[in-house]
Amino acid sequence: MTAVWADGKSDGKPQEKAIDPANMDLSVKPCENFYLYADGNWLKKNPIPPEYSVWGGFTELIERNNATLHAILEQAAAEKDAPAGGITRKVGDFYASGMDEKQIDAAGVKPLAPEFQRIDSIKSRGDLARALAHSMEIGAGAGFEFGVGQDAKDSGTEITQCSQGGLGLPDRDYYLRDDADSVKLRASYVAYMGRMFALLGEKPDQAAADAQVVMKMETALAKASMMRTQLRDPEATYHKMPLADVRKLMPDFPWDDFLAEVDFTKPGDIDVGQPKFFEAFDKLFAGESLDNWKAYLRWHLIASAAPFLGKDFVEASFDFEGRLLTGAKELKPRWKRVMASIDDCMGEALGQLFVEKTFGPEAKARALALVQNLRAALRDKIEHLTWMGADSKKEALKKLDAMHVKIGYPDKWRDYGALAIDRGPYVLNVIRSSVFEFHRELAKLGRPVDRGEWQMTPPTVNAYYDSSMNEIVFPAGILQPPFFDVKADDAVNYGGIGAVIGHEMTH
């Protein structure tokens, strides 16, 4: 379709309309139901696609961005002679490895053989601690969360952090609620684990037994975990202590083995998010047999790797993680799944290619001007508030003026030079990416917080406010029609992306 701007002019190029009157249902009186008046025809024309659990303006834009990313990836994969080590070569090789279904199905779980052998060779608690550290390193998510992040009470510095984790279901309440639906879901989860263990070659009785073992261990971790409401309390989740005190909290856990495994022997002070969880974890670590821990580690390895393996594993994973947990009815096409994993694993490389196609300097300047105008409007509103005292206004304006704005893409792109990507097994590209990111995070310790770093990739259709950084961030992915168009009238952009900007500011 040809773009039609609010001033009635057309640019003659086929693209999305800034405002499409065909989405309105003029048969509805706006004073009776403005939502249907404004969007009624759009709702009639847009049933939820089977591969999605929700559908709306955001997902429409995601689909348009996906089409652009698909073309970028296909082109990158076709450029087999692109410079070695460059982002086009790495993105193209990653995509090619993920699209090679024949190779992936033929390989089965063979690419993971060294990982399973490592688990099978555990003979001591020291070996177990090392295996848990390695599980975190490769993105398998066993045990608990460990890494380096911004110190919540010293926002300019990075600190080592430990927090609760190690669950296969989305939240601790999934293990503990006693309503009928929750009981049924837990039974489905156990069956899912048994199915996956069987795909690994275990006999039915052993697969079922291992599934019960994992469920028992994860339930113990869930009981020791804080509820979501408790996790919102910043004081309750901040406990900075030296490693010596962490050892007292967990006397049976061999921290030296754990830290040596990931070459992180000098963690400094550690922020232990939930001390009671780690006390309980220590008891589980010492009390469960090594065979039970091996079953737990095998489960977390295969659950994390399944989407990147052959058809049987992908389908088993989607049956539970997709159909049952999210309500999605169909698996997304392979190219979309591979694209999503590339965005997750090396999103700034893919984002750099996306920005070159979709978001130039003119768009960045126009979007920044919108933000600054809305900042001025908020300043005026604060200055004229009747319920806020003078001192509070002074602090509010100080915070508003200090608020940093990020538009489109980072000023400095992430360097993926140390990340090895090839056209070999897809799952190994994912694992190497996890290792790369894990150590990139650990390397932050001792450095000042990088205020230029982004928490979303450029193609993302979303935005955020980060309170610890006092910044609002708008990726290039959301700065597209219908939310924002560099050629559209200001009224259209304020009505679209302006609402998003205001939303993030008022966080």
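How much accessible surface does the protein chain have, and what share of that surface belongs to carbon and sulfur atoms? In this predicted model, the accessible surface of the protein chain comes to about 24600 Å², and 54% of that area belongs to carbon and sulfur atoms. Of the 507 residues in the chain, 47% count as buried.

**Overall fold and dimensions**

- The secondary structure of the protein chain amounts to 20 helices and nine strands.
- The radius of gyration is 25 Å, close to the 23 Å that the globule rule gives for 507 residues, so the chain is as compact as a globular protein of that length.
- Taken along the principal axes, the box filled by the C-alpha atoms is roughly 75 × 60 × 55 Å.
- When contacts between residues at least 6 apart in sequence are considered, 68% of them join residues that are at least 24 apart.

**Nonpolar core**

- The largest nonpolar core has 129 residues, and those with the most contacts inside this core are Phe144, Phe146, Phe253, Trp255, Phe258 and Phe281.
- Helix H16, which spans residues 334–358, gives the most to this core, with eleven residues.
- Phe258 touches Ala129, Leu132, Ala133, Met136, Phe144, Phe146 and Phe253, when residues up to four places away in sequence are not counted.
- As general background, nonpolar side chains tend to be buried together in soluble globular proteins.

**Charged side chains**

- The protein chain carries 62 positive and 76 negative side chains, and the centres of these two sets lie 0 Å apart.

How values were computed
Residues are numbered from 1 along each chain as its sequence is written. This is a predicted model: local features need pLDDT of at least 70, side-chain atom pairs count only at pLDDT 80 or more; totals for chains, interfaces and linings use all residues. Side-chain values use heavy atoms; hydrogens and water are left out. A nonpolar core is a set of buried Ala, Val, Leu, Ile, Met, Phe, Trp, Tyr and Cys residues joined through side-chain atoms within 4.5 Å. Buried means under 20% relative accessible area, exposed over 50%, partly exposed in between (1.4 Å probe, protein chains only). Helices (H or I, at least four residues) and strands (E, at least two) are DSSP runs, numbered from the N terminus. Contact means heavy atoms within 4.5 Å. The radius of gyration is taken over C-alpha atoms; the globule rule is 2.2 Å times the number of residues to the power 0.38. Accessible areas come from the Shrake-Rupley method with a 1.4 Å probe; for residues, only the protein chains shown count as cover. Lys and Arg count as positive and Asp and Glu as negative; His and the chain ends are not counted. The place of a charge is taken as NZ of Lys, CZ of Arg, CG of Asp or CD of Glu.
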